[in-house]
Amino acid sequence: MLLVEDLHKSFEDFTAVDGANLQVRQGDLVAVIGPNGAGKTTLFNLITGHLKADRGRIRFRDQDITRQAAHVICRKGIARSFQIANIFHRLSVFRNVQVSVLAQKKLSRTLFRPAQTLVVEETNRILQSVGLQNKNLDVAGSLSHGDKRILEIAIALGNEPELLILDEPTAGMSPEETASTMELVKRLAREQGLTILFCEHDMDVVFNVATSIMVMQHGRTIIQGTPENVRRNTTVQEAYLGGG
Amino acid sequence: MTRSLILSRSSLWWSAALLTLLLLVPLWGSRFTIYILAVIFVTALLAMSLNLLVGHGGIYQFHHAAFYGVGAYTAGLIAAKTSWPVWIGFCAGPFMAAAAGWVIGLFCVRLTKLYFGMLQISLGSLIWIVALRWYSLTAGDDGIHGIRMPEVLAGSVNIYYFLLAVVTGCVLIMFLIYKSPFGVTLRAIRDNPQRCEAVGINVRQHQLLAIIIGTFFAGVAGVLFVVLEGSIFPDMLFWVLSLEVLIMCLLGGWFTFFGPVVGAAIMVTLRTFVGSVTEYWTMILGIVLILLIFFLPEGIMGINFREWGRRRSRRAAARAAENADAAG
């Protein structure tokens with residue numbers, strides 16, 4: 001479904017991504033792991049078009065999407081959440097999700113119809129599926145950190161993506177919140193047939209949830225494989241899992 | 001039923017009451033009152049058209065007066081330099097303003113925030129220079145005065161009603177846009193352009209459309225100024241006016257829909273009354289601004305009255321509890 005080949009990206013004299021390879025198949029739950037600064041977020045930004053690659057190729061559903069604009073890539077079926085809660089602070093929770101549903105239905109340039117009668121059902125269904133339905137009138141900026149992260153995912157779902165990219169969905173969450181969030185991610189993948197690509201620091205979470213794991217170090221892909229294969233790989237053990 | 005109403009019932013009543021009051025003013029108001037209200041209508045429309053961009057779109061439209069001027073000059077020049085019916089100029093004004101907004105916007109939307117604002121000030125100032133220097137066409141600094149008007153618009157009361165009708169119509173259209181999916185998307189872009197791109201919104205295209213709409217209504221305001229004053233002059237396109245209009249938005253409450261109207265009313269009143277007492281009315285304005293920044297950063301209409309009321313009742317409850325304690 002998604003194929004990243006030998007991707008490179010540097011900022012002035014710093015090389016952030018230096019030969020990343022990634023393969024995501026339909027229905028996979030792929031985790032990208034690696035120490036801080038390994039280039040995980042940069043890799044995601046390259047895939048979603050927020051940054052432009054220097055070299056290498058990104059293919060999605062047999063189309064080359066390398067260096068395309070973010071909103072174009074999104075229309076092809078890749079939605080994402082961000083590492084820091086990236087929501088519309090002054091709008092209500094309902095509106096936050098509605099904006100993305102409106103964009104998906106190509107209604108965001110409609111000028112003379114009241115927005116409050118449009119895509120209400122779809123929006124409420126998404127809020128229901130992530131469990132935010134009771135907070136739909138709250139101003140997004142006033143939500144708790146955990147709820148903001150969930151809202152992030154809900155906004156991404158508004159695009160009806162085939163591939164959902166989550167950049168550290170549980171960053172800054174308590175262990176309970178982390179568990180329930182990952183449960184949600186698993187459920188979404190199962191119920192809505194989503195393919196999910198995420199990165200995460202908590203190794204327990206990664207080995208529990210992922211069906212495939214890609215390990216990055218210094219911007220380079222060390223290995224991608226099933227959790228068992230990755231756990232057994234000696235390079236990974238030395239570099240990241242701390243040799244056990 | 002209530003879901004399909006875009007205005008709550010109480011705000012519907014308030015608007016109707018205000019409109020009725022304004023309709024009745026010419027029955028008892030003096031010529032001066034009528035004139036000041038008319039000035040407020042024009043200024044309010046200008047401020048609202050700017051706020052559509054600044055407050056709701058997060059677009060740093062720093063030289064909005066340029067488009068107000070384009071609208072006014074188009075209407076004024078067609079009336080003064082051609083033998084065409086004046087109405088043609090009135091209709092062409094807003095479209096010329098929107099066209100200018102589109103062209104300048106094309107360049108500006110490539111930049112963001114302050115850079116956008118700086119480029120806009122420079123490009124808008126080019127229009128001002130043209131109006132100032134092209135003597136043979138615009139009469140430069142002198143401006144053009146005594147522009148002919150259609151007969152229907154003779155007399156201040158007729159003008160008052162004409163302005164009230166046009167401004168009400170424009171405000172209604174802007175309100176519909178504010179409540180539309182486009183309006184919601186625009187506010188989302190203001191809050192977080194990066195996230196908007198990530199949900200598949202072409203941010204620049206939306207900003208450009210907003211600029212075209214905003215400058216169109218600025219053009220309408222410009223035409224209305226010509227109707228009211230019968231003159232055009234380069235100061236209408238000077239950046240100082242842009243700043244004043246921006247202050248109206250901030251003063252009234254730039255995250256609210258009707259805030260700029262309040263801001264415009266206050267500014268016009270202040271300028272008229274304080275201006276007649278002292279030349280230094282801008283000093284009063286400065287003091288008002290400082291107070292505003294400290295105490296009402298979201299403007300007058302930005303006060304959260306419900307929260308205020310709740311805090312007051314909470315304080316009252318606390319006091320009652322204290323009294324009960326003291327009694328016990």
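A residue is called buried if 20 or more other C-beta atoms lie within 10 Å of its own, exposed if 12 or fewer do, and partly exposed in between, with C-beta atoms placed from the backbone. Helices and strands are DSSP runs, H or I of at least four residues for helices and E of at least two for strands, numbered from the N terminus.

Good morning. The structure above is a predicted model, in which local features need pLDDT of at least 70, side-chain atom pairs count only at pLDDT 80 or more, and totals for chains, interfaces and linings use all residues. Residues are numbered from 1 along each chain as its sequence is written, while chains are lettered from A and ligands numbered from 1 in the order in which they are written.

I begin with chain B. In helix α3(B), 16 of the 17 residues are buried, so the helix is largely enclosed by the rest of the structure. Helix α3 of chain B covers residues 65-81, and at 1.5 Å a residue it should span 24 Å; its end C-alpha atoms are 23 Å apart, which agrees. The expected span here is 1.5 Å times one less than the number of residues.

Next, the nonpolar core, meaning a set of buried Ala, Val, Leu, Ile, Met, Phe, Trp, Tyr and Cys residues joined through C-beta atoms within 7 Å. The largest such core has 166 residues, and those with the most contacts inside it are A:A154, B:V42, B:A44, B:L45 and B:A221. What is B:L45 in contact with, leaving aside its neighbours within four places in sequence? Its partners are B:V167, B:C170, B:F217, B:V220, B:A221 and B:L224, where contact means that two C-beta atoms, placed from the backbone, lie within 7 Å.

I turn to chain A. Chain A has nine helices and ten strands. Its radius of gyration is 18 Å, close to the 18 Å that the globule rule gives for 244 residues, so chain A is as compact as a globular protein of that length. The radius is taken over C-alpha atoms, and the rule is 2.2 Å times the number of residues to the power 0.38. Of the 244 residues of chain A, 45% count as buried.

Two strands pair if DSSP finds at least two bridges between them. One open sheet of chain A has four strands in the order β2-β1-β4-β5, with antiparallel pairing. Strands β2 (14-24) and β5 (63-64) stand at its edges with a single partner each, so one side of each is left without a neighbour in the sheet. Strand β1 (residues 2-11) pairs with β2(A) over eight bridges, and A:S10 stands opposite A:T15.

In the loop between β1 and β2 of chain A lies A:E12, a residue other than glycine whose phi is positive, near 45 degrees. Is A:E12 buried or exposed? With 5 C-beta neighbours inside 10 Å, A:E12 counts as exposed.

Finally, six strands of chain A form an open sheet with mixed pairing, in the order β6-β7-β8-β3-β9-β10. Its edge strands are β6 (78-81) and β10 (220-225), each pairing on one side only. Strands β7 (residues 163-167) and β8 (residues 195-199) of chain A pair in the parallel sense over five bridges, with A:L164 opposite A:I196. Helix α5 (residues 145-157) of chain A lies across β6 and β7, running at about 165 degrees to β6(A); axes are lines fitted to C-alpha atoms, for helices over the stretch in contact, and angles run from 0 to 180 degrees between N-to-C directions.
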